[in-house]
Amino acid sequence: MTREEYQERFRIRRLSPGDNIAEFDCADEDLNDFLLNESGLYRNALLAVTYVLEDKKTAQIDAYFSLSNDKVSISDFESKTEFNRFRKNKFVNEKRLRSYPAIKIGRLAISKAAQHQSIGTYLLEFIEDYFVVDNKSGCRFVTVDAYVDAIPFYIKNNYQFLNNDDEDKRTRVMYFDLASLL
Amino acid sequence: MARPIKETPILYGSDARRFEERMKNPPKVSPEKRAQIRKSYEISMKMLVK
């Protein structure tokens, strides 16, 4: 599908209070459950905003993504243990912890019916330039907690691993540097 | 129940040093990919319900 065909067929809508999503199936229970039952809770608590890609004719939701403000923090300490030891002893020096603003993709899912049409890549591209061209505040990185199965998709889209070893083996934290687009 | 949105971890040691090195020289996307990203953005802004 070309970008023009997307425009002809879909609209992008930010979910609002009162939106009740009755149906969505991307073949992953967690991703389905987030949209159907939890996206509204995150919105009401101002923790995440969810956007849906909706068919103009049928109002069927073919994809969605959720965004939250995030940051990437860099420590001068060699390990978490060393950092916590300093914190306990109140030796924290702010200069030893630097943070960079980021936007986090909390969820990104494509319905079974709309898969294999490059919609995921298209949505990533939109999110990336949205925070370069239309950003309301500084934002250097896009972060994502990627399912292991989705890692090849993010690598193909120039995302890198944030660290060498994640505690949760089901997902890996990855990031994209928006300065790559300048 | 969906798992919570996970926090981005603080980087330490070699992870932190590697990240900051990459920040100094961000990998550039190809001109073709850059043009595609811009097109996706422009089309999306027209599709976005205000």
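How many residue pairs are in polar contact across the interface of chain A and chain B? In this predicted model, local features need pLDDT of at least 70, side-chain atom pairs count only at pLDDT 80 or more, and totals for chains, interfaces and linings use all residues. Residues are numbered from 1 along each chain as its sequence is written, chains are lettered from A and ligands numbered from 1 in the order in which they are written, and side-chain values use heavy atoms, with hydrogens and water left out.

Let us begin with chain A. Its secondary structure comprises 5 helices and 7 strands; here helices (H or I, at least four residues) and strands (E, at least two) are DSSP runs, numbered from the N terminus. Read from the N terminus, the order of elements is α-β-α-β-β-α-β-α-β-α-β-β. The C-alpha trace of chain A spans about 60 × 35 × 30 Å along its principal axes.

Now to the interface and the opening question. The rule finds 32 residue pairs in polar contact between chain A and chain B, both residues being at pLDDT 80 or more. A polar contact is a pair of N or O atoms within 3.5 Å; within protein, one must be able to donate a hydrogen and the other to accept it, and residues adjacent in sequence count only if both atoms are side-chain atoms. On the side of chain A that touches chain B, H4(A) gives the most, with 8 residues. That side divides into 28 nonpolar, 15 polar and 23 charged residues, where Ala, Val, Leu, Ile, Met, Phe, Trp, Tyr, Cys and Pro count as nonpolar, Asp, Glu, Lys and Arg as charged, and the others, Gly among them, as polar. In total, 66 residues from chain A and 40 residues from chain B take part in the contact, meaning heavy atoms within 4.5 Å.

Asp129(A) lies in helix H4 of chain A and Arg38(B) in helix H2 of chain B, so the pair joins two chains.
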